[in-house]
Amino acid sequence: MDEKRLVVLYGDTLLIDGIEASLAERNGLDVIRVDTTVANVGQHLRTIAPDLVIFDLDTPVIELSKLIVPLLQKQPGIPFICLDAQHSEVVTLACEQHAAHSTNDLVDIIRKQFPPSEHREEAVIL
């Protein structure tokens, strides 16, 4: 039997309200809502240890930075789903943490993790 996945919905938008109502009825998902007013949201989410965090891209940037940055520093593997209702799109983010003590380390990470695009046309540098 499938294990339940703990899904955190972050935010207080109408879109998140609808997603909460829809996901709450699905088997295999436990849904917890976290409001943007929660103090120290990163620590709160680390305590909950969700399998996934979903948020609305219309959430103000300052609120998202309070959520994403602290959580990724302590739990870098947690995936995020960003909902964009205006364009009917879902953006998924899966993050990894790497040690980088120098610019050379950063360049190595760039080369290993982000191969050159095959479909990119010649860029014009201004």
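Me: Where is Ser88 found?
Reply: In this predicted model, Ser88 is found in the loop between strand S4 (80-84) and S5.

Me: Why is Ser88 called exposed?
Reply: A residue is exposed when its relative accessible area is over 50%. Ser88 has a relative accessible area of 69%, so Ser88 is exposed.

Me: What makes the phi of Ser88 worth a remark?
Reply: Phi of Ser88 is near 50°, which is a positive value, and the residue is not a glycine.

Me: Which value does phi take at Ala49, and where does Ala49 sit?
Reply: Phi of Ala49 is near 55°, again a positive value in a residue other than glycine.

Me: Why is Ala49 called partly exposed?
Reply: Partly exposed covers what lies between the buried limit of 20% and the exposed limit of 50%. Ala49 has 38% relative accessibility, so Ala49 counts as partly exposed.

Me: Which residues of helix H2 are buried?
Reply: In H2 (residues 41-48) they are Val41, Gly42, Leu45 and Ile48.

Me: How do you know that the buried residues of H2 line one face of the helix?
Reply: Seen down the helix axis, the buried residues of H2 fall within an arc of 120°, so they line one face. What they pack against is strand S1 (5-10), strand S2 (29-34) and helix H3 (61-74).

Me: Why is Asp56 called buried?
Reply: Buried means under 20% relative accessible area. The value for Asp56 is 4%, so Asp56 is buried. Asp56 lies in strand S3.

Me: What is Asp56 in contact with, beyond its sequence neighbours?
Reply: With neighbours within four places left aside, Asp56 is in contact with Tyr10, Thr13, Leu15, Ile16 and Leu83. Contact here means heavy atoms within 4.5 Å. Ala100 is 44 residues from Asp56 along the chain, and their C-alpha atoms are separated by 31 Å.

Me: Which residues does Cys95 touch when neighbours within four places are left out?
Reply: Cys95 is in contact with Leu72, Pro76, Gly77 and Ile78. The C-alpha atom of Cys95 is separated by 17 Å from that of Asp108, 13 residues apart along the chain.

Me: How many helices and strands does the protein chain have, and in what order do they come?
Reply: The protein chain has four helices and five strands. From the N terminus, the order is β-α-β-α-β-α-β-β-α.

Me: How do you know that the protein chain is more spread out than a compact globule?
Reply: The globule rule gives 14 Å for 126 residues, and the radius of gyration is 17 Å, well over that value, so the chain is more spread out than a compact globule. Along its principal axes the C-alpha trace spans about 50 × 35 × 35 Å.

Me: What share of the residues counts as buried, and what supplies the exposed area?
Reply: Of the 126 residues, 29% count as buried. The chain exposes about 9,200 Å², and carbon and sulfur atoms supply 53% of this area.

Definitions and conventions. Residues are numbered from 1 along each chain as its sequence is written. This is a predicted model: local features need pLDDT of at least 70, side-chain atom pairs count only at pLDDT 80 or more; totals for chains, interfaces and linings use all residues. Side-chain values use heavy atoms; hydrogens and water are left out. Helices (H or I, at least four residues) and strands (E, at least two) are DSSP runs, numbered from the N terminus. The radius of gyration is taken over C-alpha atoms; the globule rule is 2.2 Å times the number of residues to the power 0.38. Buried means under 20% relative accessible area, exposed over 50%, partly exposed in between (1.4 Å probe, protein chains only). Accessible areas come from the Shrake-Rupley method with a 1.4 Å probe; for residues, only the protein chains shown count as cover. The arc is that of the directions from the helix axis to the C-beta atoms.
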